[in-house]
Amino acid sequence: MTDRKQITPTHAYRNNDKLVGIGNTFWDMSERNGLAGIVADLDDGVLRTRPGLEYAAAGHEFVNFSCCSYLDLDTHPKVIEGGVEALRRYGVLDHCIARSRVQIPAMLELEDSLSELLGATVVCAISASTATFGLLPLIASGHLGNGTRPLMIFDRYAHISMANVKPVCADETEVVTSPHHDLDFIEDACKKYARVAYVCDGSDSLGGYAPVRELAALQDKYGLLVYYDDSHSMSAYGERGIGYVRSHSPVLDERTIVVMTLNKAFGTSGAAIVLDGYSKQTLRVIERFGGALNYSQLLNTAACGAGLASAEIHRTGELTELQDRLYRNIALFDSLVGTDQAGSTYPIRLVPMSDATVIEAGRTVFEAGFYVSPVFFPIVPRGTAGLRVMLRAGHTEEQIRDLCAVLTGVGAPAGAVEPEPVR
């Protein structure tokens with residue numbers, strides 16, 4: 001048996017030995033300290049009992065500051081009723097057949113509503129990861145674009161849902177990784193290659209926005225195609241919740257492709273692929289050859305109904321009120337705890353900690369009645385661990401002040417003078 005050939009991996013685009021070998025140590029520590037694998041207690045029949053999404057687990061009550069529902073729309077009565085009403089209307093939860101063959105109107109209604117809301121053509125998917133896995137290989141082969149195979153540049157900090165597609169794209173074209181939002185790196189590539197596509201987060205999961213206007217200048221100069229995942233800013237940012245990229249990019253045509261999850265501030269399920277300037281023929285190519293975009297893994301009827309209800313809320317003044325409450329909470333946090341993200345409307349703050357102290361700090365915060373996520377490699381680069389705080393419109397002033405007092409007690413830097421929320 002020992003003379004059989006052993007495989008030596010190339011690790012050209014991913015390295016699970018490194019990811020699991022280092023990252024799993026931190027995950028195990030998190031779980032041992034009660035900071036991962038938490039199961040909320042439903043003995044009282046209610047998961048969220050008071051403002052701020054309070055939970056109980058193993059008899060310990062805590063306020064969740066690690067939730068992406070930034071506007072708390074996932075518990076909005078109209079969103080809940082929208083899902084129930086759609087089930088009653090269609091009488092089926094899942095329509096288990098590829099959409100290119102037979103489909104019921106529920107998802108088409110949602111796509112039409114989102115298209116009007118976002119001012120573009122929207123194709124829905126069961127998740128942003130599914131959308132990305134379907135779209136990026138089509139970009140790599142030139143079938144989504146101008147027909148030219150581009151050099152695919154993945155930002156160093158591109159979310160794992162995008163980074164995981166590198167090997168697949170590399171079977172169609174050349175793939176490289178750039179330093180984080182390195183405009184010089186991107187422009188140099190544009191000078192050398194007939195076509196370049198840049199893959200990045202429009203709103204990073206660890207705080208901050210992409211340099212959208214600067215990238216637009218490269219799009220105009222060189223025809224650069226930019227693929228954004230703008231999931232963290234949808235609904236939480238912009239008029240009618242259109243997100244950061246579509247609020248700021250002057251290039252809203254076939255050179256800009258945006259994917260946004262509906263599972264965060266939008267408050268429902270699934271994802272929106274936002275496209276400008278693509279023909280019906282190209283949309284059919286996406287639908288037919290975008291992998292799981294066409295399988296029997298579509299948005300279920302309840303998700304479509306809930307999405308339609310949320311979209312209607314986005315067309316009212318209530319959305320602006322929720323955004324303003326979120327921004328006030330963000331500004332209050334910034335006045336009490338200092339982070340690199342302070343002063344922006346971004347709802348995520350990363351409180352820096354060392355690799356050696358982040359788990360213990362997270363446990364102390366949890367024992368005090370607040371849950372924030374310890375983040376570590378491979379979530380962040382080695383040596384840049386921290387506690388990730390996610391703020392929401394539903395948090396109370398008292399909850400935020402009490403959390404910040406605990407954070408400063410475990411070494412978080414003090415905040416600056418309270419900034420004005422930026423719209």
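## Aromatic pairs

Eight aromatic pairs are counted in this structure. The model is a predicted one. One of the pairs joins Tyr209 and Tyr346.

Tyr209 sits in the loop between strand S6 (196-201) and helix H8 (212-222). Tyr346 sits in the loop between helix H12 (317-336) and strand S10 (348-352).

## Domains and nonpolar core

The protein is divided into two parts: domain 1 covers 18-64 and domain 2 covers 75-314. Their centres, taken over C-alpha atoms, are 30 Å apart.

In soluble globular proteins, nonpolar side chains tend to be buried together. Here the largest nonpolar core holds 87 residues. Leu114, Phe333 and Leu407 have the most contacts inside this core. Helix H12 gives the most to the core, with seven residues. Domain 1 and domain 2 each supply at least three residues to the core.

## Cavities

Rolling a probe the size of a water molecule over the atoms shows where empty space is left. Three cavities of 30 Å³ or more are found. The largest cavity has a volume of about 150 Å³. Its lining has 16 residues. His95, Ile104, Met107, Leu298 and Leu299 are the closest to the centre of the cavity.

Two helices each supply at least two lining residues: H3 (105-118) and H11 (301-314). By type, the lining of the largest cavity has nine nonpolar residues, six polar and one charged.

## Positive phi angles

Most residues other than glycine have a negative phi. Where do His11 and Ser235 lie? His11 is in the segment before helix H1 (16-32). Ser235 is in the loop between strand S7 (225-229) and helix H9 (244-248).

His11 has a positive phi of about 50 degrees, although this residue is not a glycine. Ser235 is also not a glycine, and its phi is positive, near 75 degrees. Are these residues buried or partly exposed? His11 has 34% relative accessibility, so this residue counts as partly exposed. Ser235 has 0% relative accessibility, so this residue counts as buried.

How values were computed: Residues numbered from 1 in each chain as written. Predicted model: local features only at pLDDT ≥ 70, side-chain atom pairs only at ≥ 80, totals over all residues. Heavy atoms only, no water. Phe/Tyr/Trp six-rings, centres within 6.5 Å; stacked < 30°, edge-to-face > 60°. Helix = DSSP H or I, 4+ residues; strand = E, 2+ residues; numbered from the N terminus. Domains from an automatic or database assignment. 1 Å grid on protein atoms, 1.4 Å probe; cavity = no way out; pocket = protein on both sides within 12 Å on 5 of 7 lines; lining within 4 Å. Points joined across faces, edges and corners; volume = space filled by probe spheres on them. Nonpolar A, V, L, I, M, F, W, Y, C, P; charged D, E, K, R; others polar. Core = buried A, V, L, I, M, F, W, Y, C linked by side-chain atoms within 4.5 Å. Buried < 20%, exposed > 50% of the residue type's maximum accessible area, 1.4 Å probe, protein only.
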